[in-house]
Amino acid sequence: MNRKLPLLLLAVALTPVALSARNAARERSHIRTLTSVDGHNGNAVWKMKRAGEVTARPEELSTSTFDTDGWTPAVVPGTVLNSLVYNNVYPEPYYGLNNRLESGLIPDLYHAGRDFYTFWFVTRFTLNRSECAGRNIWLQVDGINYRAEIWLNGGMVGNISGMFLRRVIDVTDRALLDGDNTLAVKVYPVDMPGTVKPKGGKAFGANGEFQNGGNGEIGRNVTQLMTVGWDFTFPDGVRDRNTGIWRDMSIFTTGPARLLHPFVRSRLDRPGYDVARLTASVEVAWPGYLPQGRRQTVRVVGEIRGENIRVEKEVSLCRGEVKEVVFTPEEFPQLVMRNPRLWWPVNKGGHDLYELTLTTEAGGRTSDSISTRFGIREITSSTQTPDGSRTFAVNGKPLFIRGANWLPENMLRTSDQRTSAELRYTAQSGVNLLRFWGGGITESDCFFQLCDELGILVWQEFWMTGDTNHPVDPELYYANLASTVRRIRNHPSLAYYVSSNESTEMPLARRLLEELDGTRGYQMESECDGVHDGSPYKQVNIMAHYEDRASERGSRICGFNPEYGAPCLPTVECLREMMEEKDLWPVNKEVWDYLDGNGFHLMTSLYADMVNQYGPSASIDEFAMKAQFVGALNYKSIWEAWNYNKLGYGDRYTSGFLYWYHNSPIRQVAGRMWDWSLEPTAALYAAQNACEPLHPQFDYLKNTVSVVNDYYRPFKGYKVVAEVYDLNMKKIFEGSATVDLPEDGVACDVLRIDFSKASTSIQFITLRLTDDSGKQVGNKFYWRSSDKYKGARTLTGPATAGFQEINKLGKARLAVNFQTRTEGEKFLIDLDVKNVGRTLSFFTQVQWLDADGKPVRPSFYTDNFMNIMPGEKRSICIETALNNLPKGDCRLVVRGFNIAGQEFRIRVK
């Protein structure tokens with residue numbers, strides 16, 4: 001850095017505060033959540049030990065007198081391997097070749113055997129008599145992978161099987177009040193862990209896709225199938241297949257009657273969508289003792305908060321009976337809501353939510369109370385389209401899907417804070433739907449609640465793929481499916497059910513989904529019923545996206561594509577966190593390829609070749625910077641090619657696509673919009689730019705300008721202005737067009753750009769969109785070369801090759817001004833960056849770093865990797881949660897391809 005300013009003193013109160021995700025609404029109040037001190041800073045001390053090394057009987061080790069000294073501290077929620085890595089028993093898997101099977105550093109479940117990863121987990125907790133006396137006490141188990149015995153105070157209270165089953169266990173008779181309770185859980189790995197695909201392959205799976213799903217055996221379980229290995233993560237899998245207590249365990253109490261599984265269905269009147277008819281239901285149970293022949297009458301009361309809507313019913317129960325209580329609009333006219341506040345996805349309207357509270361009373365006293373949030377909306381889809389492709393609609397209006405494929409953290413090392421950050425980036429990017437790919441998991445309650453609040457739809461698949469076998473225990477599969485659907489069905493963000501990724505369905509799945517829900521669409525697998533097969537998945541010539549020749553399978557920018565994407569290399573700070581310096585530069589192909597699914601995305605070959613089109617690099621720092629140019633164009637070209645053809649406005653009909661893939665499940669060189677570490681790449685801001693609701697865009701193949709409107713309203717009298725500059729900042733073209741933007745449509749090819757006067761091999765394009773009053777509503781930037789495009793399988797074209805002269809770009813000068821402030825739980829930096837020089841400031845990056853030069857994460861930048869023309873000013877806001885701020889000196893850095901870096905020190909107290 002060439003310039004340093006005096007130290008700024010900033011006093012910030014570092015009071016521990018929670019991100020909004022930590023305040024996520026829960027269905028009921030829990031008196032204890034047994035989150036571990038280790039790894040999560042929770043309140044419970046968990047210990048673990050390999051079951052084969054424990055000589056005590058379960059009746060003994062689940063008592064307060066049993067001594068766990070010498071046992072290993074455990075991370076709960078987490079996995080066995082999480083805890084072993086946390087305790088430095090094994091090295092960090094996400095570093096270099098540590099995880100590679102051939103390295104032999106971490107034993108693999110298939111080779112070591114199930115006993116090796118079968119562990120006892122033990123914790124202790126107290127229950128206050130004042131909270132629990134005279135009440136039923138329940139242990140809620142949100143998720144264990146894969147099988148478990150659960151013991152409390154010397155006795156077995158239950159068991160669980162399948163990764164996605166939530167169990168609630170009555171522990172009233174075993175719980176101790178005002179004393180230590182000892183909970184012991186024996187966790188077993190999946191029954192059939194599978195392994196990497198043997199030579200000769202297997203008889204099923206997608207063509208040309210390495211060793212996806214291993215030998216297929218893991219599919220016989222109901223679990224996270226990707227843990228055996230896939231080309232978007234470790235090709236040889238997670239060593240313990242994520243064995244462990246992977247979700248929370250908690251305690252709650254009720255009176256003699258208990259409520260469970262609330263559900264609100266809404267039906268909107270067509271065509272006005274101005275009347276909603278609600279049907280609310282809940283199950284009520286009497287689990288305790290009643291004399292033979294006696295029935296107990298309980299009252300169930302429901303109230304929609306703030307809406308003056310209240311309903312109630314009485315129901316008679318015998319011992320152990322569970323009944324569903326249903327409130328219909330025919331029986332309760334108050335459930336007919338006029339002019340309801342509708343829930344809409346991103347860019348389409350508000351994300352309004354309602355809250356239903358249900359209470360049951362027995363003997364004149366409140367026995368139990370639960371709440372659920374819901375939204376009022378209608379989501380439908382149809383294949384009655386020009387090409388038979390599936391098109392979605394929300395509240396009667398067509399919805400063009402700008403979606404992405406969500407992948408869970410590979411080792412389930414996640415948290416509500418991580419979820420909140422990733423979904424915030426998702427909303428910033430403009431993505432309106434996330435697909436839970438069939439080899440992953442069903443995400444947390446926090447995940448769904450944030451999607452509700454952000455307007456992000458969810459496509460849910462149920463843990464089967466075409467690369468693996470199907471579950472051998474249908475009843476176990478159905479139990480996990482039913483438990484999951486009951487948990488997620490109230491969320492308005494939940495849009496669509498699909499049984500599998502590229503396979504078929506379990507025989508009763510469709511019927512079960514209809515019985516449990518019945519309000520959402522369904523298809524058997526991800527590539528049927530108007531959804532065609534995916535690709536491309538890896539690096540291609542960027543021009544091929546505009547030509548629709550990016551896939552060897554033929555046209556893929558058509559209809560609905562469930563998997564279409566390309567990578568972006570992470571920033572250099574992230575690369576340094578995933579391998580040794582000696583492996584970074586010169587590029588160690590063995591290490592880089594392992595962290596690229598065995599080289600699947602071509603990061604060390606075609607991607608590197610395209611980076612080198614900007615001139616050879618002398619260091620990993622230079623290479624990583626130039627790699628952002630390629631990643632940004634990957635994302636910009638893909639989103640904009642689909643924009644152009646939105647709902648038939650372009651050359652063909654498209655109803656949407658799902659970017660493959662959305663987020664990095666591990667540290668990997670084939671990154672996406674942000675790295676696993678939550679550090680954004682240039683791809684995030686390229687996507688944000690391309691998916692803005694009012695967006696002028698340039699086509700590298702046609703040399704034309706189009707304008708995209710994502711709002712449900714038309715705009716008349718708008719103007720788009722295009723200017724082109726050469727490498728010396730000489731203007732070589734200016735043109736404009738007046739456009740009327742159709743509602744939720746595209747004004748295609750309104751202007752053609754002439755590059756015939758270009759005197760340098762690189763040109764810069766600016767597009768400005770103004771409204772009918774002359775106010776600027778859009779401002780976009782592109783760079784291109786004069787290289788002639790010679791086809792999708794060549795390294796040619798104005799978006800791909802011929803950028804070597806970018807290194808002749810003159811030095812730009814920036815004036816930087818900023819101020820800091822706190823706002824509630826947030827620390828903010830407001831930054832103005834103005835180009836006061838005579839040339840473009842190319843790929844200007846702002847970074848907020850700690851005293852060691854590491855990015856402060858997660859931090860949210862409203863813009864970054866900016867291209868700033870002479871005289872232009874950009875305003876950026878950086879936001880960090882106060883409880884994520886490091887102490888001491890921090891640095892605000894502004895740097896770029898052709899500027900002298902500037903560094904500002906800020907002391908955080």
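Is Lys731 buried, exposed or partly exposed, and what is its relative accessible area? In this predicted model, Lys731 is partly exposed, with a relative accessible area of 38%, and its side chain meets that of Glu734 in a salt bridge with an N to O distance of 3.1 Å. Glu734 likewise counts as partly exposed, at 47% relative accessibility.

Glu92 is partly exposed at 30% relative accessibility, as is Arg413 at 22%. A salt bridge is also formed by Glu307 and Arg341, whose closest N and O atoms are 3.2 Å apart; Glu307 lies in the loop between strand 15 and strand 16, whereas Arg341 lies in the loop between strand 18 and strand 19.

Helix 5 and helix 15 have axes that come within 7 Å and cross at roughly 45°, which makes helix 5 oblique to helix 15. Tyr425, Gln428 and Ser429 of helix 5 meet Leu684, Tyr685, Ala687 and Gln688 of helix 15, and the residues of this contact divide into 4 nonpolar, 3 polar and no charged.

Ser281, located in strand 14, is buried, with a relative accessible area of 3%; beyond its neighbours within four places in sequence, its contacts include His261, Phe263, Glu324 and Leu358.

Note on methods:
Residues numbered from 1 in each chain as written. Predicted model: local features only at pLDDT ≥ 70, side-chain atom pairs only at ≥ 80, totals over all residues. Heavy atoms only, no water. Helix = DSSP H or I, 4+ residues; strand = E, 2+ residues; numbered from the N terminus. Buried < 20%, exposed > 50% of the residue type's maximum accessible area, 1.4 Å probe, protein only. Contact = heavy atoms within 4.5 Å. Axes fitted to C-alpha atoms, helices over the stretch in contact; angles between N-to-C directions. Parallel < 35°, antiparallel > 145°, perpendicular 65-115°, else oblique. Nonpolar A, V, L, I, M, F, W, Y, C, P; charged D, E, K, R; others polar. Salt bridge = Lys/Arg side-chain N within 4 Å of Asp/Glu carboxyl O.
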